[in-house]
Structure formats: structure tokens, C-alpha cells
Amino acid sequence: MKRVLIIDDAATVRMYHRKILEDCGFEVDEAVNGLEALEKAIATEYDLFIVDINMPKMDGYRFIAELRAREEFSQVPAIMVSTESETKDSDRAFAAGANFYLIKPARPVELTTSVRLMLGEPA
């Protein structure tokens, strides 16, 4: 079973994403900011990260950059999900190391399809 870490400071968003992904058979953990997520990533092996941009302590851009700086996480896919819909935001996410960018609220089919594609599974 593939394990996904959802990183978002909004509890409702984490619950929404968790429900969608668990219904598709994924094992899901949560973190409320990039710092907590980095600690969890070091302690537990994840197959994919779903990352919000605007969070306290460590934002999504910095989390992904920190992730990519570590050899063991350099190839783990990360999907940035944010309300920020301008091209500069997605450009910055890709520059930090994100593999994909979704705009909130992501529709269930949009989220699951992108997760499956990132994990190399049939959509």
C-alpha cells in the first residue's frame, strides 16, 4: 500500500484530501506545516507528498526545497496544492522541486488522477 503525507495547516483540507485518498486505498498521514512534515519524512518512508504553500513555521516552497536537498528524498514525488492560481506561484513551486501543481479546491478525480500518475499507477 502506498503511503502519502498531506501537509496543510487547514484541518478541513487535510480531512478532505485524506478521505479522497483513503477511499482509493492509500495510507495517509498528516502534518500541519513543513517543519513537522520534514520530521515525519525523516522518521517514516513516504511514496508521495501533497503540500500546501502558505503554512506557519515552514511554508511549502521551503519544505520541498529542503526535501530535494536530501539525497533520500530527491526522487519522491511532491504535488503542491494551493489557492494561489497565478503562473508565478506554480513556477516557484516547480523551481523548488514540485512535480505537479493543483489549485484548491482540487476535485476528487483531479487529486486521485494526479497522485496515481505521480506514483506510476494506472489513473
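This is a predicted model: local features need pLDDT of at least 70, side-chain atom pairs count only at pLDDT 80 or more; totals for chains, interfaces and linings use all residues.
Residues are numbered from 1 along each chain as its sequence is written, and side-chain values use heavy atoms, with hydrogens and water left out.

**Overall layout**

- The chain has five helices and five strands; helices (H or I, at least four residues) and strands (E, at least two) are DSSP runs, numbered from the N terminus.
- Reading from the N terminus, the elements go β-α-β-α-β-α-β-α-β-α.
- The radius of gyration is 13 Å, close to the 14 Å that the globule rule gives for 123 residues, so the chain is as compact as a globular protein of that length. For the record, that radius is taken over C-alpha atoms, and the globule rule is 2.2 Å times the number of residues to the power 0.38.
- The C-alpha trace spans about 35 × 30 × 25 Å along its principal axes.

**Strand pairing**

- Strands of a sheet pair through backbone hydrogen bonds, either parallel or antiparallel.
- β1 and β2 pair in the parallel sense over five bridges, and I6 has E30 in β2 as its bridge partner.
- Strand β3 (residues 48-51) pairs with β4 over three bridges, also in the parallel sense.

- β1, helix α1 (residues 11-23) and β2 form a right-handed β-α-β unit. A crossover is right-handed if, with the strands pointing away from the viewer, the path from the first strand over the helix to the second runs clockwise.
- β4, helix α4 (residues 87-96) and β5 also make a right-handed β-α-β unit.
- Axes are lines fitted to C-alpha atoms, for helices over the stretch in contact, and angles run from 0 to 180 degrees between N-to-C directions.
- Contact means heavy atoms within 4.5 Å.

**The α3/α4 contact**

- Helix α3 (residues 60-68) packs against α4 at an angle of about 20°, with the axes 8 Å apart.
- That makes α3 roughly parallel to α4, since angles under 35 degrees count as roughly parallel, over 145 as roughly antiparallel, 65 to 115 as roughly perpendicular and the rest as oblique.
- Y61, I64, A65 and R68 of α3 make the contact with D89, R92, A93 and A96 of α4.
- These residues divide into five nonpolar, no polar and three charged. Ala, Val, Leu, Ile, Met, Phe, Trp, Tyr, Cys and Pro count as nonpolar, Asp, Glu, Lys and Arg as charged, and the others, Gly among them, as polar.

**Around E30**

- E30 lies in strand β2. Leaving aside neighbours within four places in sequence, E30 is in contact with L5, I6, R14, R18, E36 and K40.
- The C-alpha atoms of E30 and V81 are separated by 14 Å, and the two residues are 51 residues apart along the chain.

- Most residues other than glycine have a negative phi, and most peptide bonds are trans.
- K57 has a phi near 70°, a positive value in a residue other than glycine, and sits in the loop between β3 and α3.
- A cis peptide bond joins K104 and P105, with omega about -10°. P105 is in the loop between β5 and α5 (108-118).

Technical notes
Two strands pair if DSSP finds at least two bridges between them.
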